[in-house]
Amino acid sequence: MPLGIKPGHRARKSRGRLSPLTTLTLAVLAIALSAVSGGFAYFLPAAVVAFNSTSQTVQVPSPSPIDILFSPSPAPSPVQQQGAFTVLLLGSDDDSKCSCDHFLTQSMILMRVQPATKQVTMLSIPRDLYVHLSTGGSGKIDDAYSYGGAGAAIATVEQDFGVHVDDYIWVGLLGLIKVIDAIGGIDIVTSNPVMDDYYPADIYGGNPFGYERVAVLAGPQHLDGIHAMQYVRSRHSDLQSDFGRSKRQQQVLQAIRLKAKQLAPSDIPALAAAIGGELKTNFGLDQVAQLVPLAASFDNPDAINQVLLLPPYTEPGAPGGSLVPNWGLILPLVRQYFP
Amino acid sequence: MIAKFFLAVVLALLMVVTGLSSYVYIGSRQSKVAVAPQKPTAPTPHAQAFVLPGTIYLAQSGALYSLSAGRFHQLTPEVGWTQPSLYPDGSHLLAVKRSAFFSDVYELTTYGGVAAQLTNNAAPPRTAWDTGTNDWSFYPRLSPDQRTLWMSYDGPKYAYNNYFDVDMAVWAVPVGGSIRQGRAWTNANSYTGGDMQPIVVPGGIIYTKYSYDENGNRVGQLWFTNRAGSAGKALTSTGADCLEPALSPDGHSIAMICTYQKQVSYLTIASWNGSSLGGLQTLVTDQLVAEPIWAPDGSGIAYLAPGGPVAPFQLWWLPKDSYAPPPPSPIPTPTPTPGGPHNAPLPSPTPSPAPVAPVVKPIQVTTNLGFDATSPLAWSA
């Protein structure tokens with residue numbers, strides 16, 4: 001026994017060391033774990049936003065007996081097409097005029113998606129349409145959301161239009177602006193100059209009751225979020241008022257879809273940060289994951305039907321400047337596209 | 001054998017480095033959709049691999065730039081400058097300076113210095129509270145004698161009493177005079193946005209008029225008028241939905257874009273005889289074409305179009321050979337040679353296949369930039 005080394009010391013020293021195989025295994029595990037952790041940290045904010053925005057519970061109120069009496073027709077039994085579903089897109093006036101949570105829906109688009117045939121039908125519902133609200137009484141259809149949230153809006157559309165709505169997506173004004181900016185703007189052909197001397201300055205104007213001027217020139221161009229919002233939101237210089245605005249909204253939605261096809265999974269956190277609390281849907285995360293590649297596969301613009309309820313489907317003359325629906329014409333049209 | 005303590009330290013460091021690397025790597029895999037366009041004067045990359053003749057004036061992010069001999073020069077700061085056009089003698093530029101509530105036309109030197117303000121569209125202080133008392137001026141042009149300013153202007157307005165229609169009309173104003181000395185040449189259709197982008201042609205103006213078609217869609221049409229206040233005449237159909245006219249240097253052709261009421265824009269040309277257009281000839285169909293302009297020497301057409309699915313509007317060049325290929329060289333026909341053989345039949349010419357015009361594709365002149373596609377280009381020789 002060498003001098004200075006006590007019995008058992010070698011064994012203790014051996015217990016303080018690991019074999020190369022164990023070391024290698026630990027190193028590989030550490031690398032894998034930390035790599036996954038890095039990815040987790042990258043996508044965590046997006047996951048939080050997605051968790052908060054998706055799988056929203058919707059309470060669809062049953063129509064009251066009086067509503068059933070006034071309902072233009074009972075909902076037809078839906079003819080199920082392979083995988084087809086109907087989504088109600090809601091764009092809300094979440095401006096700063098009040099601190100309340102009662103937003104009007106400035107945009108309501110009923111969208112039928114048929115994955116098998118890669119066809120989409122978008123029916124723009126005029127915000128001023130005078131209907132029986134699911135929450136009781138009658139009023140403009142954009143009131144439904146303000147009275148009872150997404151559930152009331154869905155129930156109102158279901159009872160009045162005789163359709164079944166599977167899902168909904170709600171986007172706030174700021175959300176649309178931020179989404180468009182997050183994808184780097186959109187390329188679009190604006191169909192005419194959109195001029196408005198009294199456009200609400202409620203987003204960045206500092207005075208929610210103030211006005212600003214808008215001049216979106218005509219032709220092909222690249223629009224950032226704020227100018228795209230001006231293009232779709234202005235209705236003062238449009239003879240078709242809300243209908244013209246609906247056409248522009250559909251143009252912008254298509255431009256967003258085209259641009260979104262270029263996104264990579266790594267863009268998700270930036271998009272999620274942009275959307276923040278400006279998007280709500282009852283879609284679950286698993287459904288969203290399925291929808292993204294589905295949306296990307298719709299590449300034929302001619303397979304997208306755009307439907308507007310122009311006269312004679314609607315006529316002016318209802319209370320408060322709202323529109324009178326001609327259900328005799330509307331319902332057959334709706335049944336044609338939303339079986 | 002490796003000491004546990006040492007191993008723990010190394011593994012901890014390894015995990016930190018790997019975790020950060022993983023985070024950074026995933027972040028680096030983002031698409032290019034949200035990448036801001038470069039300034040044209042950015043040193044890298046050298047955008048243009050193709051040198052165009054003369055000097056082209058363009059707008060990006062509120063600044064005017066010139067492109068000459070393959071090099072960009074910034075003429076103005078980024079404060080709302082757009083829509084440059086050249087004086088007929090090439091000595092100066094006209095351009096629009098746009099603010100949040102109004103826009104004005106300025107005379108600039110070709111180096112970007114302000115020589116004069118030609119309009120005054122800001123609301124007077126007494127009505128500044130009313131946004132509708134401001135005015136817009138867009139698309140300025142000068143008459144050949146440089147004494148008349150042509151532009152789209154949104155007066156007079158009737159925005160009071162909840163009448164919200166704002167439509168631009170084409171106005172002619174004496175250079176140096178006020179708008180009160182000017183005159184509206186066109187009468188815009190209500191609730192359309194109005195009449196835009198006048199270009200001066202011999203005997204009148206061609207401009208884009210917006211109207212509602214029979215289906216209620218708002219569409220653009222090229223119109224020609226030779227008299228103030230006259231209705232003029234439509235040069236293109238509502239179905240073609242054409243806009244952004246540009247006159248060729250020889251004055252015999254018009255370049256434009258036509259959308260056929262879809263989210264497309266085709267580069268289109270047509271012959272021009274001074275009062276009507278010939279048939280439309282579509283040159284480019286697979287791009288979102290904007291603001292075509294003829295080369296001063298007639299060697300082709302430049303225009304703006306996206307440089308790819310995620311790139312904003314770039315400068316493109318379409319050589320003349322693509323739309324007016326040179327005539328094929330004549331097929332040589334044998335001729336009898338004096339003193340040749342008598343009574344011998346002449347050899348028949350060998351039939352040769354018809355010459356095929358070379359397919360000339362547009363050339364992308366710039367990359368990574370983001371020009372203002374609502375700003376017409378100006379081009380001096």
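A note on the ground rules. I am working with a predicted model, in which local features need pLDDT of at least 70 and side-chain atom pairs count only at pLDDT 80 or more, while totals for chains, interfaces and linings use all residues. Residues are numbered from 1 along each chain as its sequence is written, and chains are lettered from A and ligands numbered from 1 in the order in which they are written.

**Chain B.** I found 1 helix and 25 strands here, both read as DSSP runs numbered from the N terminus (helices H or I, at least four residues; strands E, at least two). Of its 381 residues, 43% count as buried, meaning that 20 or more other C-beta atoms lie within 10 Å of a residue's own.

**Where A meets B.** I noted 57 residues from chain A and 63 residues from chain B in the contact. On the chain A side, H2(A) gives the most, with 13 residues. I sorted that side by class and got 28 nonpolar, 20 polar and 9 charged residues; Ala, Val, Leu, Ile, Met, Phe, Trp, Tyr, Cys and Pro count as nonpolar, Asp, Glu, Lys and Arg as charged, and the others, Gly among them, as polar.

I then followed H2(A) to helix H1 (residues 4-28) of chain B: their axes come within 7 Å and cross at roughly 35°. I put that contact at 15 nonpolar, 10 polar and no charged residues. Axes here are lines fitted to C-alpha atoms over the stretch in contact, with angles from 0 to 180 degrees between N-to-C directions.

**A pair within chain A.** I checked H5 (residues 173-182) against H8 (residues 268-275) in chain A and read an angle of about 155°, with the axes 8 Å apart. The two are therefore roughly antiparallel, the word for angles over 145 degrees. Among the residues making the contact are A:Gly175 and A:Lys178 of H5(A), and A:Ala270 and A:Leu271 of H8(A).

**The core.** I found 164 residues in the largest nonpolar core, where A:Leu88, A:Leu90 and B:Ala302 have the most contacts inside it. Such a core is a set of buried Ala, Val, Leu, Ile, Met, Phe, Trp, Tyr and Cys residues joined through C-beta atoms within 7 Å. Helix H4 (residues 143-161) of chain A gives the most to this core, with 9 residues. I looked around A:Leu90 too: leaving out residues up to four places away in sequence, its contacts include A:Met108, A:Tyr145 and A:Trp170.

Note on methods: Angles under 35 degrees count as roughly parallel, over 145 as roughly antiparallel, 65 to 115 as roughly perpendicular and the rest as oblique. Two residues are in contact if their C-beta atoms, placed from the backbone, lie within 7 Å. A residue is buried if 20 or more other C-beta atoms lie within 10 Å of its own, exposed if 12 or fewer, and partly exposed in between; C-beta atoms are placed from the backbone.
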